[in-house]
Protein chains: 2
Amino acid sequence: MKALGRHFIVELYECDSELINDTDAIEDILLESVKISGAEIIKPVFHKFNPHGITGIVVIAESHFSIHTWPEYGYCAFDIFTCGESIDNEEAIQYVRNELKARTISVAEIKRGVLNLPVEEIRYKPDE
Amino acid sequence: MKALGRHFIVELYECDSELINDTDAIEDILLESVKISGAEIIKPVFHKFNPHGITGIVVIAESHFSIHTWPEYGYCAFDIFTCGESIDNEEAIQYVRNELKARTISVAEIKRGVLNLPVEEIRYKPDE
């Protein structure tokens, strides 16, 4: 079955707690992961919570990357939602895992927008 | 099992194609759904693609709402990722479904950040 989008639900446990409370570091890592994947950045948004925790979301031409961090538990919820065949999700996930020093990871992939159309008729992303 | 976050993956098929290509309408509907849920808006981002399709993401104090629309297929991918017990995800999903006139819907819930901690020790969101 072909789908319009691929959504990777990534659970990162036992991360470096200091690092995942550092907005600059999270911003650098998330943006770099988008570049590694080959996706096109449209607009990034980062927000630091008080007393801890960061949300980072990057709107891309192919949908979005997001991360939410809970430094107090060493946990990050990382999502990659992309359309098209050209995005290297696995490289991006591996990169983020390594950078955040996550000792435990789980990855689930969900197909989004499963259509009753011949595969060749499906267009994944806008023309430009 | 208790988790830090609840993530609702909502597939909306056979939506009103014109409506889901109207950035103002999508912005109004997504922001209203956040309000209905009781979540606190921190920063919304909307982007219109050429020739069609809209991405809308709202960073909230409790994580995020996102929508990606494919008007050419009448399909929308809608996500609600929240932490805490006070958010009314179901009301928000029902509202978006009705507004977009989706004839077919599927909803999956994923627990995010499942921790090996006593339930009463889990804190869901920042103090303010």
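Author: Two strands count as paired when DSSP finds at least two bridges between them, while the strands themselves (E, at least two residues), like helices (H or I, at least four), are DSSP runs numbered from the N terminus. This is a predicted model, in which local features need pLDDT of at least 70 and side-chain atom pairs count only at pLDDT 80 or more, whereas totals for chains, interfaces and linings use all residues. Residues are numbered from 1 along each chain as its sequence is written, chains are lettered from A and ligands numbered from 1 in the order in which they are written, and side-chain values use heavy atoms, with hydrogens and water left out.

Reader: How many bridges join strand β3 of chain A to β4(A)?

Author: These two strands run antiparallel, and a hairpin takes β3(A) to β4(A) through two residues. One pairing is that of A:V58, whose bridge partner in β4(A) is A:F65. The number of bridges joining β3(A) to β4(A) is six.

Reader: Which residue of β5(A) is the bridge partner of A:F65?

Author: β4(A) and β5(A) run antiparallel and are joined by eight bridges. They form a hairpin with four residues between them, and A:G74 in that turn has a positive phi of about 65°. Across this pairing, the partner of A:F65 in β5(A) is A:I80.

Reader: How many residues of strand β4 of chain A are buried?

Author: Buried means under 20% relative accessible area, exposed means over 50%, and partly exposed lies in between (1.4 Å probe, protein chains only). Strand β4 of chain A spans residues 63–70 and is largely enclosed by the rest of the structure, because the number of its residues that are buried is eight of the eight.

Reader: Which side chain is joined to that of A:T82 by a polar contact?

Author: A:T82 lies in strand β5 (residues 75–83) of chain A, and its relative accessible area is 1%, so it counts as buried. Leaving aside residues up to four places away in sequence, A:T82 touches, among others, A:L4, A:I60, A:F65 and A:I87, where contact means heavy atoms within 4.5 Å. A polar contact is a pair of N or O atoms within 3.5 Å, where within protein one must be able to donate a hydrogen and the other to accept it, and residues adjacent in sequence count only if both atoms are side-chain atoms. At 3.3 Å, such a contact joins the side chain of A:T82 to that of A:N89.

Reader: Which three residues supply more of the area that chain B buries against chain A than any other three?

Author: Contacts involve 46 residues of chain B and 46 residues of chain A. The two chains bury about 3,500 Å² between them, 66% of it on carbon and sulfur atoms, buried area being the accessible area (1.4 Å probe) that two parts lose on being put together, summed over both. Of the area that chain B buries against chain A, 17% comes from B:W70, B:Y73 and B:R112.

Reader: How many salt bridges are counted between chain B and chain A?

Author: A salt bridge is a side-chain nitrogen of Lys or Arg within 4 Å of a carboxyl oxygen of Asp or Glu. Over all chains, the count comes to eight. The side chains of B:E11 and A:R112 meet in a salt bridge at 2.5 Å, N to O. Between chain B and chain A, the count is four.

Reader: Which residue of chain B forms a salt bridge with A:D79?

Author: The closest N and O atoms of A:D79 and B:R112 are 2.9 Å apart. This pair crosses between chains, from strand β5 of chain A to strand β6 of chain B, and both residues are buried. A:E11 belongs with them to a network of salt bridges, and the partner of A:D79 is B:R112.

Reader: How many residues apart in sequence are the parts that B:E109 and B:R6 tie together?

Author: The side chains of B:E109 and B:R6 meet in a salt bridge of 2.9 Å, N to O. Because B:E109 lies in strand β6 of chain B and B:R6 in strand β1 of chain B, the distance in sequence between the parts they tie together is 103 residues.
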